[in-house]
Amino acid sequence: MKQLKQLLYLPTWFIKTRIFGKKIPMQTVLFINDLCNLTCKHCTIYNNKTPITKSYQQIREELIYSYNLGSRYVDLEGGEPTLWKEADKNFNSLVRLAKEIGFFSVTLTTNAFLPFNDSESDSIWVSLDGNREYHDQIRGKNSFDRLDENIRNSGHPRVSVNMVVNSINYSSVAETIQFAKDHPNIKSISINFHTPFKGTEHLFLPFEQRNEVIDLVIKMKKSGYPIMNSVSGLKAMKDLNFKKVCWVTNFIMVDATKYAECQGKAFDLCDSCGFCMAGEMHSVFSFKLDTIFAGLKLRG
Ligand SMILES: C[S@@+](CC[C@H](N)C(=O)[O-])C[C@H]1O[C@@H](n2cnc3c(N)ncnc32)[C@H](O)[C@@H]1O
């Protein structure tokens, strides 16, 4: 029964949204804290001076709220989500909670600075911002080696990495994709670009260079590298000249602000957006088969 529900969810969601024009989120990005064990150059979220950690009860209410909107996939975000705890509860308690509420899948996004070998998340996205030199430059000393070691020791079957390409690390994209391919415990890599939130504008990669990176990623994907982005989705990210359907994800921020779509819109950043999910969702809505298959693989 549960499996049938899951099987029918995506086609039903697609009919309701694409054919009947309803705006129903499929996934939720829920920020559970803003405390972090790294201070990355590109990040505007961490707040280690006056950190917020949401209570279990608040997270429960926000999960139920998102579930009632129609969302069935949740990404628990931070800060560093693995640092979340309350009395005898830890991050895995939140994974179990989301499953009890009815979410099909829970994703952990982590910097992998700490071991995550006991994680009960369905999938894990580790943030990898280039080769050792660039990753450490952006994320701090030893962060690359610890990430590598913790991924090797994780034993989790669904660990992928996410690279956010910026003006520091763009020359290491091919090397990073090769690293992901050669790594015994990395399933795939997704590519995103830096979105210039206030104070990080200098990390934005100009479109000319972005387009060169996109051409390179498409070439590597076509020659068999395990790249999660679809070719159609990547092409859409070249000029961003498409109708955005970014209400596919609802966001609940650490201060409990609820956004019915990507918060980049509220900051007027759609014209410099680097979140490749925007291109992917546009391509799904344009019936691009390669993107639909990539999405099914991700959600499968
Ligand atoms: C904010 S971090 C929090 C989770 C965890 N601490 C980590 O580093 O993965 C979540 C993801 O957002 C990405 N990110 C942060 N700021 C970004 C920006 N301005 N543009 C695009 N991606 C960004 C990070 O690289 C990371 O992959």
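**Close-up 1. Leucine 240 and helix H8.** Just after helix H8, leucine 240 takes a positive phi of about 60°, where helices (H or I, at least four residues) and strands (E, at least two) are DSSP runs numbered from the N terminus. The model shown is predicted, so that local features need pLDDT of at least 70 and side-chain atom pairs count only at pLDDT 80 or more, while totals for chains, interfaces and linings use all residues. Residues are numbered from 1 along each chain as its sequence is written, and side-chain values use heavy atoms, with hydrogens and water left out. Within H8 itself, which spans residues 231-239, the buried residues are Val231, Ser232, Gly233, Leu234, Ala236 and Met237; buried means under 20% relative accessible area, exposed over 50%, and partly exposed in between, with a 1.4 Å probe and protein chains only. These buried residues of H8 pack against H7, helix H10 (277-285) and helix H11 (289-299), contact being defined as heavy atoms within 4.5 Å.

**Close-up 2. The buried side of helix H6.** In helix H6, which runs over residues 173-182, Val173, Thr176, Ile177, Phe179 and Ala180 are buried. They lie on the same side of H6 because they cover an arc of only 155° around the axis, the arc being that of the directions from the helix axis to the C-beta atoms. The elements that cover these buried residues include helix H5 (143-154), strand S7 (159-165), strand S8 (189-193) and helix H7 (207-222).

Close-up 3. A nitrogen atom of the ligand is 3.0 Å from an N or O atom in the side chain of glutamate 80, and an oxygen atom of the ligand is 2.9 Å from an N or O atom in the side chain of arginine 139. The protein covers 92% of the 550 Å² of accessible area that the ligand has on its own, with areas from the Shrake-Rupley method and a 1.4 Å probe.

Close-up 4. Threonine 107 counts as buried because its relative accessibility is 8%, and serine 105 counts as buried because its value is 13%. Leaving aside residues up to four places away in sequence, threonine 107 touches Val74, Asp75, Leu76, Ser123 and Trp125, whereas serine 105 touches Arg72, Tyr73, Val74, Lys99 and Asp122.

**Close-up 5. Asparagine 250 in strand S9.** Asparagine 250 is found in strand S9, residues 249-252, and counts as buried because its relative accessibility is 2%. The side chains of asparagine 250 and threonine 28 are joined by a polar contact of 2.7 Å, that is, a pair of N or O atoms within 3.5 Å, of which, within protein, one must be able to donate a hydrogen and the other to accept it, residues adjacent in sequence counting only if both atoms are side-chain atoms.
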